[in-house]
Amino acid sequence: MKILFLGDIVGRPARDYLKDLLPDLRKSLSLDAIIANAENVAGGSGITPDTARELFNCGIDVITSGDHIFKKSEVKEVLEKMDVLRPLNYGPLAAGKGWLVKEISAGGKIAVINLQGRVFMQPIDCPFKAVRDILEDVRLETKIIVVDVHAEATSEKLALGFFLSGKVSAVFGTHTHIPTADERIIDDFTAYITDAGMTGSFDSILGREKHKIIEKYITNMPVHFDLAGRDVRAQGVIVEIEETTGRALSIKRVEYRQDDK
Ligand SMILES: [Fe+2]
Ligand SMILES: [Fe+2]
């Protein structure tokens, strides 16, 4: 089974590019599933029913998220009715779900789990305990398990990668919007990368207009962060997973550029 995972999708420029990119890519690479983090898809922060639908319509199967998930009030509908996750360790009282199982078109089932880190982030439940408590239930459904760890600290993401090695097919980091060059297969079983990167403008700072961010750093004053739209790229990884065992066979970093089209 071949899966494409995309890092944080930022705003309309990214959505417009994915509409062009994904249908062809799915066919040409024979992708079985596409998973993407879309916590920044609506105006750069949060997700709405319309923006989620746009992503599903271009071929994304499951959407993960992170600390921006509750930024838009319409998010409840998204979390209740669509294959969109919020981090599992927000706890049982938060709206939405932290994992799901999806039947994919090629047959077979894939489980997706969304976790969020706690280092340099808001205080929430322990991601290690949260995922440990559900793993047995998830494994009853399918052996193909993909985890998005949305976290700031590289060490926390790597710790979760090793914690989950041999138990899940893949652990992908998100949130920093900057890809790391450490993709590997841990213990000959679990595909891992500390950060998958970003889908959005690269003439920007994390998808936002760079001069606005610089102004914020210089003045310490509140600044409205406009979205940037130049040099749009889609970054992520492609993993191949053995369906009978759930073992990852390969992981490869990818980057697609709108300007190349
Ligand atoms: Fe993000
Ligand atoms: Fe984030």
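His150 stands opposite Thr174 in strand 8. Bear in mind that this is a predicted model. The two strands involved are strand 7, residues 145–150, and strand 8, residues 170–174, and they pair in the parallel sense over 5 bridges.

In what order do its 6 strands come? The order is 5-6-7-8-10-9, the sheet is open, and the pairing is mixed. Strand 5, at 99–103, and strand 9, at 184–186, have a single partner strand each, so they stand at the edges with one side lacking a neighbour in the sheet. From one strand to the next, the twist averages 25°.

Now the helices that lie across these strands. Helix 4, residues 127–141, lies across strand 5, strand 6 and strand 7, and runs at about 175° to strand 6, which spans 109–116. Helix 5, residues 154–164, lies across strand 6, strand 7, strand 8, strand 9 and strand 10, and its angle to strand 8 is about 170°.

Just after helix 2 comes Gly59, with a positive phi of about 115°.

A positive phi in glycine is one thing; here is the background for other residues. Most residues other than glycine have a negative phi.

Asp188 has a phi near 55°, a positive value in a residue other than glycine. Asp188 sits in the loop between strand 9 and strand 10. Is Asp188 buried or exposed? Asp188 is exposed, because 10 other C-beta atoms lie within 10 Å, and the cut-off for exposed is 12 or fewer.

The other one is Asp231, where phi is near 50°, again positive and again not a glycine. Asp231 is placed in the loop between helix 6, at 210–219, and strand 12, at 232–241. With 14 other C-beta atoms within 10 Å, Asp231 is partly exposed.

That is what I had. Questions are welcome.

Technical notes. Residues numbered from 1 in each chain as written. Chains lettered and ligands numbered in written order. Predicted model: local features only at pLDDT ≥ 70, side-chain atom pairs only at ≥ 80, totals over all residues. Helix = DSSP H or I, 4+ residues; strand = E, 2+ residues; numbered from the N terminus. Pairing = 2+ DSSP bridges. Axes fitted to C-alpha atoms, helices over the stretch in contact; angles between N-to-C directions. Contact = placed C-beta atoms within 7 Å. Buried ≥ 20, exposed ≤ 12 C-beta atoms within 10 Å, placed from the backbone.
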